[in-house]
Amino acid sequence: MWLLFLEGIMKHKVTLKSKDKTRTEIIDPNSEVSLLICMERKQMDVQYGCLSGVCEACALKITKGKENIEYFNEPILDIDGDIIYPCCCKIKGDIEVEKVD
């Protein structure tokens, strides 16, 4: 019974907005994988390159839930402001992000 309750708590909503559409998925964050991997598993359209926070290919603008981002590897790039790098972070709550043009 408690396990089912805890599993419900551990799922978070990720909303990805682009110019022509918005998509929301429920993600079961796993401490072993990045937000990028979680998004890929749900077939969300997110780009990537280096997988280490260097190339900026996966950069997304966070519009809601910035307090729910937790970096497990600090990217080489600046993480202040409203840009996140899903290749080197995980989430601990709901977030809303937009593609960076």
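Visitor: Is D45 buried, partly exposed or exposed?
Guide: In this predicted model, D45 is partly exposed, with a relative accessible area of 41%.

Visitor: Which residue forms a salt bridge with D45?
Guide: The partner is K99, and the closest N and O atoms of the two are 2.4 Å apart. This pair links distant parts of the chain, since K99 lies in strand β7 and D45 in the loop between α2 and β3, 54 residues apart. K99 counts as partly exposed, at 29% relative accessibility.

Visitor: How many salt bridges are found in the whole structure?
Guide: The search finds 5 salt bridges. One of them joins E96 to K17.

Visitor: How far apart are the closest N and O atoms of E96 and K17, and where do the two residues lie?
Guide: Those atoms are 3.2 Å apart.

Visitor: Why does E96 count as buried?
Guide: Its relative accessibility is 15%, and buried means under 20%. K17 has 27% relative accessibility and therefore counts as partly exposed.

Visitor: Changing topic, which residue meets K61 in a salt bridge?
Guide: The side chain of K61 meets that of D82, at 4.0 Å from N to O. K61 lies in strand β3 and D82 in the loop between β4 and β5, so the pair ties together parts that are 21 residues apart in sequence.

Visitor: Are K61 and D82 buried, partly exposed or exposed?
Guide: K61 counts as partly exposed at 33% relative accessibility, and D82 counts as partly exposed at 34%.

Methods: Residues numbered from 1 in each chain as written. Predicted model: local features only at pLDDT ≥ 70, side-chain atom pairs only at ≥ 80, totals over all residues. Heavy atoms only, no water. Buried < 20%, exposed > 50% of the residue type's maximum accessible area, 1.4 Å probe, protein only. Helix = DSSP H or I, 4+ residues; strand = E, 2+ residues; numbered from the N terminus.
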